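Take a look at the fold below. We will walk from its sheet to its surface.

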Amino acid sequence: MKANNPSKLSIVIPAYNEAESLPDLLSQLETTVKTNGYTAEIIFINDGSTDATAEVLNPLCVASPLSVEVIHFRSNLGKAEALTAGFEKSTGDIVITMDADLQDDPTEIPKFIETLETGNHGRVSGWKYPRKDPLEKRVFSFVFNRVTALLTGVKLHDMNCGFKAYRAEVVKELHLYGDLHRYIPILAAAAGFSVGEVKVKHHPRRFGKSKYGFKRIPKGFFDLLTVLFLTRYKKRPMHFFAGFGSLFIFSGFLVLVALSVVHFIPIVELPRLPYGIAGGLCFGIGILLTGLGLIGELIVSLLTQKDKE
């Protein structure tokens, strides 16, 4: 069953040092749009590229029969900032995001639109299957997806796939910064939107080099903690800080009790000074974290009251 065409489609494409891929990509998009009868706009975001991306994009936009716009960043601000700029410019009913490296196949766009409509989803994420990336990237992605699904409850095979489709109201509610683009499905689900997934063709990289690197692993972990805090504890920070605070207080309490017991009942020899300092530090850190939770609750309360005024 073929889904109804959206009245307008916005295709948002961040590009960083992808000059060689862009002519073929735009040609494939033009063919897909024409074949399916879409009314579409294409928004490229040149994310501070240091190659000839800008020189390639500008004449392509002028020559294309489609509505093509380019946003140029003076420096590399990252994918989250690029997507945000594209979302702000988009005017379509459905927004498609994809990478500029030709690994995403534009012919899969109708599949996204059909899944959005038939599944009544707010957004649909691509699942690159079979994936054509190097082994180390596939292994890291597998672990990343399983851990993220376990901690967040959003079960997708390919959380970080750049090929996605959104209803316009979803992208207008996303507030991206840093590297939070990796966790858009979680942010959308937390905002109450249904999240779907569809298998898509994936091609090996033909030009340039991957932006993937192992330095992204610790960044990804810290970003996951940020997303967990924003989606679970944004309006109840006391639950987050007091949870960790209680662990520290309880640990410090146990250490101090143990020192008191061995003082009166010398079962084992414990060096009192280091253990006493450790117990006191744990107790103090726990009190501090609990205090931060109270301050967070106060801030949330004040902001809630301000919104009601």
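Which residues of S4 are buried on one side, and which on the other? Ile-94 and Ile-96 are buried on one side. Val-95 and Thr-97 are buried on the other, so both faces of this strand are covered. Buried means under 20% relative accessible area, exposed means over 50%, and partly exposed lies in between (1.4 Å probe, protein chains only).

Keep in mind that this is a predicted model: local features need pLDDT of at least 70, side-chain atom pairs count only at pLDDT 80 or more, and totals for chains, interfaces and linings use all residues. Residues are numbered from 1 along each chain as its sequence is written, and side-chain values use heavy atoms, with hydrogens and water left out.

Now place S4 in its sheet. The sheet is open and has 7 strands, in the order S3-S2-S1-S4-S6-S5-S7. Its pairing is mixed. Helices (H or I, at least four residues) and strands (E, at least two) are DSSP runs, numbered from the N terminus. Two strands pair if DSSP finds at least two bridges between them. Strand S3 (67-73) and strand S7 (195-200) are the edges, and each pairs on one side only. From one strand to the next, the twist averages 20°.

Look at the two neighbours of S4. S1 runs parallel to S4, and 4 bridges join them. Here Ile-11 stands opposite Ile-96. Strand S6 (residues 164-167) pairs with S4 (residues 94-97) in the antiparallel sense, also over 4 bridges. Ile-96 stands opposite Ala-165 in S6. Ile-94 has Arg-167 as its bridge partner in S6.

Helix H2 (residues 53-63) touches strand S1 (9-15), strand S2 (40-47) and S3. Contact means heavy atoms within 4.5 Å. The direction of H2 makes about 155° with that of S3. Axes are lines fitted to C-alpha atoms, for helices over the stretch in contact, and angles run from 0 to 180 degrees between N-to-C directions.

Finally, turn to the surface. Where does Phe-264 lie? Phe-264 is found in helix H9. Phe-264 counts as exposed because its relative accessible area is 66%.
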